[in-house]
Amino acid sequence: MKKIITLILIALLCSCSKQHVEENALIDTITTLPENDLNDTIDNDIDGWLQDDSLLLTWSDDLIKVTTDVDFNFSSEKTTEANRFVAGQIDTIERLSFKESNITIYRTPDKNILISSDIRNAEISLSKGIKVGISRDELLKTLNAQSSRDTLTVTDFEGNTDVMLILKNNILSRIVYNGYVD
């Protein structure tokens, strides 16, 4: 009797193992679609979410660059923080304000990292002409997307960084950047 139960358990284990291999093979088949077939299946109705790492990087650079623009009279508040990775290095967190807009940057001797921003003024724009005050249609055309939601979120592949584009009465009213600093 023990031998029969042992054989049944071995058979079950083998069949489970085989099923797992077949499932993995199916996944591999699905993810190796030819590029042309994949492009034909893309649906630009983003339902409020869009993943675009390069666009986020460009927007981050845009917001850091705007803080050095002499046309804006940013007020600045700085605090220091010990670098967690370089012993003895002191970095700076700078909070910049212009009218109703705020930008926070983590500054090291060799890098500037955008931590966050809340843009509410049309004077501060991102690449591709995205700025407070543009219409929903202009925004969606620029993003090459469709959505009926009042908050559109552009996120990176890992979901660590995002930009929320907040519409009010079909006009972009806020651009909120949430960054990731390791």
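These are my notebook entries on what I looked up in this structure.

**Entry: the model.** I began with the basis of the model, which is predicted: local features need pLDDT of at least 70, side-chain atom pairs count only at pLDDT 80 or more, and totals for chains, interfaces and linings use all residues. Residues are numbered from 1 along each chain as its sequence is written, and side-chain values use heavy atoms, with hydrogens and water left out.

**Entry: confidence.** I looked up pLDDT, the predictor's confidence in each residue, from 0 to 100. The protein chain has a mean pLDDT of 81, and 74% of its residues reach 70 or more. Over residues 17-45 the pLDDT is below 50. Beyond near neighbours in sequence, I found five contacts for this stretch in the model (contact means heavy atoms within 4.5 Å). Where pLDDT is low, the predicted coordinates should not be read in detail.

**Entry: the sheet.** I then traced the strands; strands (E, at least two residues) and helices (H or I, at least four) are DSSP runs, numbered from the N terminus. Eight strands form an open sheet with mixed pairing, in the order β1-β6-β7-β8-β5-β4-β3-β2; two strands pair if DSSP finds at least two bridges between them. β1 (49-51) and β2 (75-82) each have a single partner strand, so one side of each is left without a neighbour in the sheet. β6 and β7 run antiparallel and are joined by five bridges. I noted that L152 stands opposite L165 in β7.

**Entry: helix α3.** Helix α3 covers residues 53-66 and has 14 residues. From its first C-alpha to its last, α3 reaches 20 Å, close to the 20 Å expected at 1.5 Å a residue (the expected span is 1.5 Å times one less than the number of residues). Its buried residues include W59 and D62; buried means under 20% relative accessible area, exposed over 50%, and partly exposed in between, with a 1.4 Å probe and protein chains only. The buried residues of α3 pack against elements including α4 (136-143) and β5 (112-119).

**Entry: R174.** Which strand holds R174? I found R174 in strand β8, residues 171-178. R174 counts as partly exposed because its relative accessibility is 25%. Although R174 and D118 are 56 residues apart along the chain, their C-alpha atoms are separated by 6.8 Å. Their side chains make a polar contact at 2.7 Å (a pair of N or O atoms within 3.5 Å; within protein, one must be able to donate a hydrogen and the other to accept it, and residues adjacent in sequence count only if both atoms are side-chain atoms).
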